[in-house]
Amino acid sequence: MDSQLVEARALEAEITALRRACVEPPAPGEDTSRVRKSFRETYQADSEGWELSKDLRSHLGHLESEIQFLSTLTGISIRHYSKKTEDLTSTEMTEKSIKKVLQRHRLSGNCHMITFQLEFQLLEIQNEESLSSVITDLSIIMEPTEYSELSEFVSRAEERRDLFMFFRSLHFFVEWCEYRKRTFKRFKGLSLTTPLPPTPSTNLAHYMTVIHSWTLAALPSQNPHYEKYPEAVHLSEGASSSCMGIRNPSRPGFELVIVWRIQIDEEGKVLPKLDLLTKVPLQALELDKNGVIETAPLSFRTLLGVLGIEATLESLIKSLHTEASN
């Protein structure tokens, strides 16, 4: 405390001397070197402080821009984050130049409409030659959603303590959900909001390059092939439904149901799985001597491999829609 008081008084005295030098011209023959030196030192210290502050602001702005870019690209936003560090280095480790640190991380955020909370421990061991780190514990809390597929995936990610798999798979899972929702809304004739690439891709370069072309193609006024089928398409749970019914108003009792599930395999790879179910009157089944209705699900999967998802769905809708118009 005494040393701080002495330093403060010394600074006050220097400030007083500088003010006096600014107001009163030096007497003839007076040595002004000390005053000039004080000016130079003060100016240099202030300049260095300003430059440091400017660099920090610039660096902070750059980091914020990168975070915003990653959030836009992946759809993952981190709202809250905290970190605690515990030094586990023993005396014996210190003698061997080994440092052992346990970090406890906690964060919460969302990937589009899905929110999550994460807690994980990271153990770092550093010696003179290398630095190793391993996640020793991982806990994931997901807020309740209509996506039942996520619960099993979250348990698997916790068991493996695999943070990378969790974020990567969550991103592509949500991307496929958004694509399914957008496709159903298109055929139902509901308004489309923010357009994205036509099919989710694990190739980042492809993902970025098709954004512009899809944005133009998705606008009804610029796409002559854009069609709506509000009478033929039925979504039992709205646009977020995993099923889409295709009906023919002139053929009551006959319906094709598209079941579109999104699966996450053992390695975290996200894949769509589409199946076709048929609802037909018993009389129609009796008249189907060639087994067309029975083999329809297999034919549907074959068509998916040839035409892709949207073209296959549109071909089914058009076939019933055209018949209804006739």
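Guide: A residue is called buried when its relative accessible area is under 20%, exposed when over 50%, and partly exposed in between. Please note also that this is a predicted model.

Visitor: Why is Ser 108 called buried?

Guide: The relative accessible area of Ser 108 is 11%. Buried means under 20%, so Ser 108 is buried. Ser 108 lies in strand β2.

Visitor: Which residues does Ser 108 touch, leaving aside those up to four places away in sequence?

Guide: Ser 108 is in contact with Ser 77, Ile 78, Arg 79, His 80, Phe 116 and Gln 117. Contact here requires heavy atoms within 4.5 Å.

Visitor: Why does His 112 count as partly exposed?

Guide: His 112 has a relative accessibility of 43%. His 112 sits in the loop between β2 (99–111) and β3 (114–126).

Visitor: What makes the phi of His 112 worth noting?

Guide: Most residues other than glycine have a negative phi. His 112, a residue other than glycine, has a positive phi near 55°.

Visitor: Why does Arg 161 count as partly exposed, and where is Arg 161 found?

Guide: Its relative accessibility is 39%; the class runs between 20% and 50%, so Arg 161 counts as partly exposed. Arg 161 is in the loop between α4 (149–160) and α5 (163–188). Phi of Arg 161 is also positive, near 55°.

Visitor: How do you know that helix α9 falls short of the span of a straight helix?

Guide: Helix α9 comprises residues 292–307, 16 residues in total. At 1.5 Å a residue a straight helix would reach 22 Å, whereas the end C-alpha atoms of α9 are only 20 Å apart. A kink of about 35° is centred on Leu 298 in α9. Just after α9, Gly 308 has a positive phi of about 95°.

Visitor: Which residues of α9 are buried?

Guide: They are Ile 293, Ala 296, Phe 300 and Leu 304. In general, an α-helix has 3.6 residues a turn, so residues three or four places apart point the same way.

Visitor: What makes up the lining of the second largest pocket, by class?

Guide: The lining has four nonpolar, four polar and one charged residues. Among the lining residues are Glu 66, Ile 67, Leu 70, Ser 77 and Ile 78. The largest share, six residues, comes from α2. The volume of this pocket is about 260 Å³.

Conventions
Residues are numbered from 1 along each chain as its sequence is written. This is a predicted model: local features need pLDDT of at least 70, side-chain atom pairs count only at pLDDT 80 or more; totals for chains, interfaces and linings use all residues. Side-chain values use heavy atoms; hydrogens and water are left out. On a 1 Å grid over the protein atoms alone, a cavity is a set of points where a 1.4 Å probe fits but cannot get out, and a pocket is an open set with protein on both sides within 12 Å along at least five of seven lines; lining residues have an atom within 4 Å of a point. Grid points are joined across faces, edges and corners, and a volume is the space filled by probe spheres set on the points. Helices (H or I, at least four residues) and strands (E, at least two) are DSSP runs, numbered from the N terminus. Ala, Val, Leu, Ile, Met, Phe, Trp, Tyr, Cys and Pro count as nonpolar, Asp, Glu, Lys and Arg as charged, and the others, Gly among them, as polar. The expected span of a helix is 1.5 Å times one less than its number of residues. The bend at a residue is the angle between axes fitted to the seven residues ending there and the seven starting there. Buried means under 20% relative accessible area, exposed over 50%, partly exposed in between (1.4 Å probe, protein chains only).
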